[in-house]
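Below are some notes on the model you sent.

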Amino acid sequence: GPALLFVKTSPGKEEGRRFYACSACRDRKDCNFFQWEDEKVSERRLAAREEYNRNHQPSFTHEQNVDRYKNFMRLPLSKRRFCQECQQLLLPAEWEKHLDHQFLCDISTAQLQSPSQLLCPLENKKTNAQYLFADRSCQFLLNLLVDLGFRRVLSVGTPRLHEMIQSKASQEKDFRVRSLLLDIDFRYSQFYTEDEFCHYNMFNHYFFGGEAARETCRKFLYEENGERVIMITDPPFGGLVEALASSFKKLMAMWKETEKEGHDNKEMPMFWIFPYFFESRILDFFPSFSMMDYQVDYDNHALYKHGKTGRRQSPVRIFTNLTPSMIVLPEEEGYRFCTICQRYVSSGNQHCQICNSCTSKDGRRWKHCVLCKKCVKPSWFHCNNCNCCTLQKHSCEKTYVGCFVCGKAGHKRSTCPSLSCT
């Protein structure tokens, strides 16, 4: 899809040179696209780029994959194979081309209903960062959605939640929740129809299926006049918050276009799942959001696991525009309701009478610093030289902290008013 516009800056210079680069890949090894904004591109280079794009298209279209899936389902269990090297369902006529590859045999219907466990996760931190919800977190989210009365879930980059909803809907007649998956991983088109999956880039709001895919998303949001629908997203944690926020606002705007009266003053309900240390950046773009204490954990991430203690706890949280008191967290996992804050908090998050808030962000009990006039991490101590709380073992040499671009204090390079970035 379309590239994003970035700025290359130099120390002390207010103006940088703007350039276009891939919206999804942050490593040139994965995508080497680079173009200065003011650069004139030759016809030869454009033709080479088009040729490159053509050669890197998927083997099958989404429509073809749907037909292949239907044919695959008609096969007896003994003839159902999945190529692990190509990450592709194989029909008998294709076996010969994959003789040298590793493949799985006897693919069951249960496996086909759980593609996130059949497919190998794409774990490149600078491209996909495809970490998948653990069953505990996935089940909690689904139970919460049902309790809150939502009937439709726009699953943006949350394939495991999507497949859990799909599976329950096919097994339980009275289960009324439906899901539409928007994901950049085109491999899922092998398992879902065009009404269940859209190939989508959340960094530039691009539907690879064109207007037809966009219309699928729009219709999904329009059902029941836009009522009882929620967007849940779990972006790669290294992604640009500005780009993600821009795409999410466009999805919200798509929802606002429904004919239901009163949407002008409302936001589409949303769960944005992201590490707690991005709280200030998310609130910059969505001031109505608040962060829940629930720790989201993942199956295939060594650090983001539930049950660890201290700094080893998962830093991933739920940011939402729903009223915090509505988000009931499981007491058996150590969460309790703070009657003053009117929200559920972790057991270690004690209410500070001075701040008048449950201030902990990481699950540990924080302490109040009178000099800083706020609560800080328990391992921090006030440094008179730095005039702030920090780790006990630190260097006081850094006496001035200013913006890398303009040199002024109060903001970082990424939010410098001297820069313009789309």
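1. The expected span of a helix is taken here as 1.5 Å times one less than its number of residues. In this predicted model, helix α2 runs over residues 62–74 and so counts 13 residues, for which about 18 Å would be expected. The distance from its first C-alpha to its last is 19 Å, close to that value.

2. Which residues of α2 are buried? They are His62, Asn65, Val66, Arg68, Tyr69 and Phe72. These residues lie on the same side of α2, because the arc they cover around the axis is only 165°. On the other side of the helix, Glu63 and Arg74 are exposed.

3. The cover over the buried residues of α2 comes from several elements. Included are the strands β4 (81–83), β5 (88–90) and β9 (197–201), together with helix α3 (109–112).

4. Glu94 lies in the loop between β5 and β6 (103–105), whereas Arg68 belongs to helix α2, so the pair ties together parts that are 26 residues apart in sequence. Both partners fall under the 20% cut-off for buried residues: Glu94 has a relative accessible area of 15%, and Arg68 one of 10%.

5. As for the whole, the protein chain has nine helices and 22 strands. It comprises 422 residues, of which 45% count as buried. Among contacts between residues at least 6 apart in sequence, 56% join residues at least 24 apart.

6. The protein chain exposes about 22900 Å², and carbon and sulfur atoms supply 49% of that area. Ile184, Tyr206 and Phe208 make a nonpolar surface patch of about 230 Å². Phe208 is found in the loop between β10 (206–207) and α7 (210–222). With a relative accessibility of 33%, Phe208 counts as partly exposed.

7. How many salt bridges does the structure hold? The number is 22. One of them joins the side chains of Arg45 and Glu39, with 2.5 Å from N to O. Here both partners are partly exposed: the relative accessible area is 29% for Arg45 and the relative accessibility is 27% for Glu39.

8. Another salt bridge sits within a single helix. Asp284 and Arg281 both lie in α9 (residues 279–285), three residues apart, which is about one turn of the helix. Their closest N and O atoms are 3.0 Å apart.

Methods:
Residues numbered from 1 in each chain as written. Predicted model: local features only at pLDDT ≥ 70, side-chain atom pairs only at ≥ 80, totals over all residues. Heavy atoms only, no water. Helix = DSSP H or I, 4+ residues; strand = E, 2+ residues; numbered from the N terminus. Buried < 20%, exposed > 50% of the residue type's maximum accessible area, 1.4 Å probe, protein only. Arc of directions from axis to C-beta. Contact = heavy atoms within 4.5 Å. Areas by Shrake-Rupley, 256 points an atom, 1.4 Å probe, with all protein chains shown as cover. Patch = residues over 30% accessible without salt bridge, like charges linked within 9 Å, V, L, I, M, F, W, Y side chains within 5 Å. Salt bridge = Lys/Arg side-chain N within 4 Å of Asp/Glu carboxyl O.
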